[in-house]
Amino acid sequence: MIDWPLVSVIIFLPLIGALIILFIKEDELTSINIKWAALLATLGTFILSLILWLQFDYSNPSYQYEEKFRWFDDFNFFYHVGVDGISLFMILLSTFLTPLCILASWNNIKKRVKEYMLSFLFLETVMIGMFASIDILLFYIFFEAVLIPMYLIIGIWGGNRRIYASFKFFLYTLLGSVLMLIAIIVMYRNTSSMSIEFLQGNYFSYNTQLFLWLAFFASFAVKIPMWPFHTWLPDAHVEAPTAGSVILAGVLLKMGGYGFIRFSLGMLPEATEFFIPLIMTLSIVAIVYTSLVALAQTDIKKLIAYSSVAHMGIVTIGIFLVNQQGLEGAMMQMISHGLVSAALFLCVGVIYDRMHTREIEFYGGLVQRMPLYATVFMIFMLGSVGLPGTSGFVGEFLVIVGAFKFSSYVVIGAAFGIILSAVYMLYLYKRIIFGTITNNKLADILDINTREKIILIPLAISVILLGLFPNLFLDPMRLSLELIITNYEIANAK
Amino acid sequence: MLNNIYNIFFIPEIFLACSSFVCLLFGLFLKKNAFRQTSNLAVFVLLLTILLVYYDSESNFANYKSLFSHSSFINFFKILALLGSIASIIISKDYFLGVKLKNFEIPILFLFSTLGMMLMIASNNLMSMYLAIELQSLSLYVAAAIKRDSISSAESGVKYFILGALSSGILLYGFSLIYGFTGSMNFDDISLYLSKYDNLNLGLIFGLVFVMVGLAFKVSAVPFHMWTPDVYEGAPNSITGFFAIVPKIAAVALIYRFCLVPFENFYLEWSQIILFLSIASMFLGAIAAIAQSNIKRLLAYSSIGHIGYILIALVAANDDGIKAASIYMFSYMIMNVAIFAILLSLKVKNEYLINISDLKGLSKSNPIVSLSISIIMLSMAGIPPFIGFFGKFYVFIAAIEQELYVLSVLGVLASVISAFYYLRIIKIMYFDESKSEGIINFHISFQSKIILSLSLFLIICFIFYPSLLINISASLTI
């Protein structure tokens with residue numbers, strides 16, 4: 001094993017990069033240095049996080065690479081970080097997507113490059129920190145600190161309605177997370193511990209659990225987002241710059257799912273059992289409703305945003321099935337959605353950079369001028385639909401298999417959503433890629449350049465890798481998920 | 001110690017009183033640069049006083065006929081008030097010179113007011129408490145009206161004076177009732193007397209309510225907050241800074257001591273009042289600030305909101321509450337020092353900044369300044385990882401320890417509402433496009449720069465080593 005603080009280095013390397021960037025003076029010539037510094041810092045973080053995966057002990061269900069220091073003298077709050085099978089891929093997702101985001105903004109962010117890169121590096125630190133925290137207070141601090149850079153990214157570099165979108169994003173998610181703060185303090189008061197590991201042993205009375213569950217639900221349901229708390233998401237996605245949408249869809253939504261697994265399932269099993277029907281209902285409504293809404297969108301980004309809500313509905317179904325297939329499916333779906341939706345937003349960014357519009361009507365027949373673009377877009381589109389061989393299939397398949405154990409109504413709902421997702425994605429693809437070029441402005445549009453290839457091809461490879469070799473990803477997380485299921489079943493068998 | 005008469009001068013309050021007179025004479029006989037020199041001397045005197053407070057742990061003189069009390073809580077708040085005073089004198093020096101307000105009396109007024117606050121915090125007797133409140137208020141009334149040729153300054157002074165006098169009257173009436181029904185002025189004696197009874201009689205309840213009203217006025221808790229925005233707006237910026245930073249510390253310490261020492265056994269009686277004040281302050285502070293266009297009024301409402309949170313910790317009335325109050329007050333002072341250090345150095349078209357909308361484009365012309373303002377605003381909104389979050393966090397720990405769930409939920413909801421107007425300032429600096437660039441100037445003196453950097457450092461880096469402050473505040477006893 002590794003005897004140096006690998007997790008802390010991964011968490012704070014982007015922040016160190018940010019500090020270095022802070023001292024680079026920004027003008028026309030040096031802004032390229034800022035970009036390179038940001039790229040190197042994030043790439044370094046990614047490579048280090050690969051070590052995390054390579055050295056990962058598959059046979060250990062609990063936390064690995066643990067680091068623990070006393071943080072507050074008066075309470076049992078620790079700087080306690082570590083990685084287990086659940087957080088491993090969330091961290092990898094964050095570290096994988098951030099360098100791509102930096103690359104994606106290489107040319108199209110022209111104003112305030114320094115602030116932009118600072119925001120992204122700070123964002124990466126807090127994202128990784130959040131997934132790696134074992135202390136709930138630490139988790140909460142990172143969880144809320146995410147709002148700061150994201151608020152700035154949407155508000156400064158966003159579209160026309162960026163101010164509305166950024167406020168909505170900030171206040172909506174803040175409202176959810178402050179309730180979680182109260183729940184965290186109540187937990188601490190009952191157990192005198194803030195360790196996630198410790199609290200996963202069911203220490204709360206039934207009534208307390210119900211209230212705690214609702215407080216956590218307020219926070220994670222907004223974050224993931226579940227219908228009817230999803231209204232901030234389309235606004236935030238549409239107004240955010242491309243890279244902002246990528247992080248939002250790729251990582252920030254997963255914070256909700258991660259929270260559900262860790263807190264709701266892990267710590268409040270009896271309340272979870274009580275609320276499962278609620279979650280299933282909301283998820284099915286979300287899947288069907290947002291899929292139909294997605295069908296009616298005229299803005300490409302908004303369509304993908306609504307499809308995210310639908311895909312997250314499958315994730316919440318998978319999580320709250322609380323069986324091996326369901327949870328593994330939910331995890332796979334989260335990873336897959338992280339890659340696919342990020343890639344789709346990047347694809348939208350590619351044509352947006354060229355044409356400065358996201359109206360579906362505007363495009364058509366892009367395959368004539370951009371064959372390579374059409375190919376990668378197709379891979380991601382099929383990944384989103386869930387075609388066998390792509391990452392989307394594994395997650396959806398596992399969730400549906402798991403759902404059969406629970407109720408066939410849920411299966412019908414989920415399957416209906418999957419069919420609808422095929423409808424709106426294929427329809428979108430047909431409208432913007434196929435046919436002949438009808439719009440004269442598209443006549444001399446260029447195919448993707450080298451930088452865009454560097455961004456999109458790794459994503460395409462990983463989407464297919466995930467689809468063909470799911471065990472590569474399922475093996476490390478299996479035992480950690482089993483542990484949660486076992487605890488859950490023991491608690492509810494009492 | 002007692003045998004040596006000279007030791008009397010080492011009692012912090014007496015030292016401060018004597019030195020204030022020395023400063024007054026010093027300023028009077030100086031021909032040139034009287035203001036600057038007196039300010040420097042005042043800062044020096046306050047620094048010495050801090051040392052004296054720090055080392056004066058067992059002085060019996062301070063308890064003179066048990067008019068005053070002595071505890072770690074009192075010392076902590078005394079030091080906090082002194083630090084606030086020092087910071088506000090330093091950051092306002094350039095402002096006063098800039099607006100040609102060079103009366104050397106200003107730092108002297110601050111000194112006397114600080115003296116009043118130290119006595120307020122330490123007072124253990126209704127009479128000494130009243131006199132201390134009057135000493136600090138009178139100095140502040142004059143300070144608010146110090147710009148004699150400005151209508152708004154005179155107005156704010158008169159407003160403050162009339163309302164302050166009214167509240168003092170109410171306070172005094174409450175004292176007389178309490179004295180009448182308990183037969184004692186001393187906090188400990190009152191407590192002893194009351195311990196024989198299970199509930200308060202009507203006269204004492206009236207007395208308690210009147211005192212609460214008077215104290216609520218001093219901490220500017222809703223519904224006795226009306227004077228705050230007007231006085232903040234009318235007074236010269238630097239005086240507003242002093243108002244925002246220092247008197248709140250003393251008033252909060254006083255209201256804590258008054259509730260927790262003489263009336264500690266009658267929690268139910270006073271906690272209802274405080275509960276209402278707290279909820280009303282949080283929500284009114286949050287909602288009323290949204291509509292403000294004047295930065296000083298906005299900060300006034302923001303301070304009203306902060307008082308609401310501190311009162312939550314008072315409702316909790318446990319050890320964690322005292323800890324929370326001291327941490328919250330510390331963070332409040334630091335954040336206000338930082339924001340006023342910036343406001344007192346920002347000029348728009350050669351006028352000191354008043355309108356929030358004038359901050360437009362600051363992020364382009366002064367990236368460092370606007371970053372600092374953003375950090376302070378996020379910290380005030382209670383967003384981690386800044387110090388303001390930990391203040392709120394400890395307040396909620398105290399509240400939940402006492403099972404005040406509803407109050408805590410209301411508290412966090414108010415904090416979401418208040419986040420809106422803090423974010424609005426960031427929005428104006430960063431998101432709004434400005435056509436007129438370069439009209440904002442930022443000139444800051446070396447000394448204020450040190451104060452500003454230090455407070456920003458504390459705001460940002462508190463998270464890395466919180467135990468430093470928390471260990472101190474955990475050991476406080478009232």
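1. Welcome to this structure! The contact between the chains draws on 35 residues of chain A and 42 residues of chain B, where contact means heavy atoms within 4.5 Å. This is a predicted model, in which local features need pLDDT of at least 70, side-chain atom pairs count only at pLDDT 80 or more, and totals for chains, interfaces and linings use all residues. Residues are numbered from 1 along each chain as its sequence is written, chains are lettered from A in the order in which they are written, and side-chain values use heavy atoms, without hydrogens and water.

2. About 3,600 Å² is buried between chain A and chain B, with carbon and sulfur atoms giving 76% of that area. Buried area here is the accessible area (1.4 Å probe) that two parts lose on being put together, summed over both.

3. The rule finds 3 salt bridges across the interface of chain A and chain B (a side-chain nitrogen of Lys or Arg within 4 Å of a carboxyl oxygen of Asp or Glu). Arg189(A) forms a salt bridge with Glu401(B), their closest N and O atoms lying 3.9 Å apart. On the side of chain A that touches chain B, the elements giving two or more residues are helices H5 (136–145), H6 (147–157) and H7 (162–191); H7(A) supplies the largest share, 15 residues. Helices are DSSP runs (H or I, at least four residues), numbered from the N terminus.

4. Now to the loop between H19 and helix H20 (471–493) of chain A, where Phe469(A) is found. Phe469(A) is partly exposed, at 49% relative accessible area (partly exposed lies between buried, under 20%, and exposed, over 50%, with a 1.4 Å probe and protein chains only).
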